[in-house]
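Good morning, and thank you for joining.

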Amino acid sequence: MEIPARKSLADKKNPVWNAKETTMKLMGIFCSTILCSLALAASQSRNSPVPAAAASDIPHLRKQGTATQLIVDGKPFLALAGELHNNSCTSLEYMKPLWAKIAASRLNTVLAGVSWAQIEPQEGKFDFSLLDGVIQGARAQNLRLVLLWFATWKNGLSSYPPNWVKQDSDRFPRAQMFGDATPWPVFGGPRFQVNGNLSIELMSPMGDATRDADAGAFAAMMRHIKAVDGQQHTVIGIQVENETGIQGDTRDRSPAALAAFDGPVPTELMNYLQEHKSSLIPALAKVWEAAGFKTSGTWAEVFGKGRPADEIFMAWVFSRYIGKVVDAGKAGYPIPMITNCPQEGFGRAPAPLKGGGQSGGAMPDAFDVWRAGGPKIDLFGADIYSNDYAGFCARYAQSGNPLFIAETGGGGVDIKAKALYAFGRHDAMAFSPFGIDSMVGDPSDPFGYDLISQIAPLILKHQGDGTMTAILPGPNGAPTKIQLGNYTLEVAPARPRGAPPAQAQSSPQPQAPASVAMFISTGPDEYYAIGRGVTVYFYPNPNTPGQTLAGLGTVEEGHFVNGKWVPGRLFAGDDTEQGQYLDLRNLGILRFTLYRYH
Ligand code: DGJ
């Protein structure tokens, strides 16, 4: 099997908010900003003016070659992150012992939920004291925050709005679905009550008042963050809502949603599709094509009858809603804003009342719809719990969407392998295992961030220039050839010393933790290999300078200190199978050179 070293420039088209940047800002010493802001917090209203912060100073995104980088304090930043459990940051007491453990586990960023109900317990009355404490806790440990705005939607339901919103279903209408009196059992219990009016505990995306209330609260929070953090940048991004979508049906069947679905597809979406026709995500183009590439009509006319049309409709109404929330937030403080999704494609939405996935989320098949509906959303984060980790990464990294792994865990390979792969193969800007509360504090570097932070400067330097890649060879995997720099690297899972290659393929070794390797080409004949459990052979690429055979020159193990390579042992003999191949056995870094002979 061959894989291309990198995705091509033509693969990039995501509109990225790109503030002009200036020189690096010195990280401020934790000081009185937060404390001064507490008084401000108590009195902050929806329209409070706040001092301006130069757009160039604040966290933003910037292109580097084919990659998109997160710029913090004027420099590219690799978010070695972790996501807390949903409600950890609702208690400062709970968080108190955790901050130091998180920092000790080498994370530099925490994804932390902020509840709308706690921010705005009464309409128009804001309380940012908890948020201030969270910022303070993170800042004291030199950690950055990506805040998760748990507001209208969380995992296809609406448990986070304040009670004054939840209790007023006239003003803040619920989504409805087709069904009978049978509750849909999810996670072992009845989830929805559908007797009578069919309403579910999901705010309808058709609710303009709900959207405006959410946007107002979000804008107030962003203005507050600007006031307390506009100089220090502890908060480097926001995830707006969480795993948006409808469950239990393919679309909202409330009266407003039914009328909209029977009405025309909005011009903004039709225009976007026509303008981007040649570069649309294939799954969306296929649905549109199958219905005849119509340029106007109802949703069923333009996208055909069936689930994809329902899913596209829901993606549109959710993205319009969230797009407006993002617009309001960015008007207050325009740092990068993302939204996340756990799914990959159309057809995963449930049949009415049958369970299954969600409909309408910012999944790869629907990226274009979301871009049309919420153009200021910077990127679509991936929540990857699937065993097909590499496949999910590729799908979320398509069409120019920067890879931001907002959540991961569960199946497939182990977390350390996942992290190395995402950064090396897809220029990921962030990697974040979910539920870190009980994983941190282990001195053995639970996520491999000790290693990755050593090479972060090298990774950031090489992002987007085609000189870096990574591979996850499965335990039974045939060798994979990767062209990188002047050589082709043939990578296979490590085999026992002295065993011939054929034996390695027919009797695979158990690989837990998984084999993984990141390669960075740093010169015509020089590479770094980072990872574990792989064997690498080399071949000169055609039309590159030198003789036709390649051998290992110098092989050093070592590590980086402040971006400088510090060599350890020098490898030859048994450690390279007498010079035949690179043997990256235990998790670590090898620097190696190749030479040519005939
Ligand atoms: C995915 C959600 O996005 C998280 O907030 C959390 O609920 C996890 N699932 C739980 O596994």
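**Pocket, cavity and helix packing**

The largest pocket has a volume of about 590 Å³. A word on the basis of that value: this is a predicted model, in which local features need pLDDT of at least 70 and side-chain atom pairs count only at pLDDT 80 or more, while totals for chains, interfaces and linings use all residues. Residues are numbered from 1 along each chain as its sequence is written, and side-chain values use heavy atoms, with hydrogens and water left out.

On a 1 Å grid over the protein atoms alone, a pocket is an open set of points with protein on both sides within 12 Å along at least five of seven lines, a cavity is a set where a 1.4 Å probe fits but cannot get out, and lining residues have an atom within 4 Å of a point. Points are joined across faces, edges and corners, and a volume is the space filled by probe spheres set on them.

Of the 20 residues lining the largest pocket, Lys75, Phe77, Asn108, Asn142 and Arg144 are the closest to its centre. The elements giving two or more residues to this lining are β4 (75-77) and α15 (449-462); helices (H or I, at least four residues) and strands (E, at least two) are DSSP runs numbered from the N terminus. By class, the lining of the largest pocket has 12 nonpolar, 4 polar and 4 charged residues. Here Ala, Val, Leu, Ile, Met, Phe, Trp, Tyr, Cys and Pro count as nonpolar, Asp, Glu, Lys and Arg as charged, and the others, Gly among them, as polar.

Which strand gives the most to its lining? Strand β12 (residues 235-242) does, with 4 residues. The lining of this cavity includes Ile236, Gly237, Ile238 and Gln239, and also Phe404 and Met429. Its residues divide into 10 nonpolar, 2 polar and no charged.

I turn to the helices. Helix α14 (residues 415-426) packs with α15 at an angle of about 5 degrees, the axes being 11 Å apart. Axes are lines fitted to C-alpha atoms, for helices over the stretch in contact, and angles run from 0 to 180 degrees between N-to-C directions. The two helices are therefore roughly parallel to each other (angles under 35 degrees count as roughly parallel, and 65 to 115 as roughly perpendicular). Ala419, Leu420 and Phe423 of α14 meet Tyr449, Leu451, Ile452, Ile455 and Ile459 of α15, where contact means heavy atoms within 4.5 Å. By class, this contact has 8 nonpolar, no polar and no charged residues.

Helix α7 (residues 255-262) and helix α11 (residues 307-332) pack at about 115 degrees, with their axes 11 Å apart. That makes α7 roughly perpendicular to α11. Ala257, Ala260 and Phe261 of α7 make the contact with Ala309, Asp310 and Phe313 of α11, giving 5 nonpolar, no polar and 1 charged residues.

Finally, the axes of helix α6 (residues 208-229) and α11 come within 7 Å and cross at roughly 30 degrees. α6 and α11 are therefore roughly parallel to each other. Residues in this contact include Asp214 and Phe218 of α6 and Tyr321 and Lys324 of α11. The contact divides into 8 nonpolar, 3 polar and 5 charged residues.

Notes. Angles under 35 degrees count as roughly parallel, over 145 as roughly antiparallel, 65 to 115 as roughly perpendicular and the rest as oblique.
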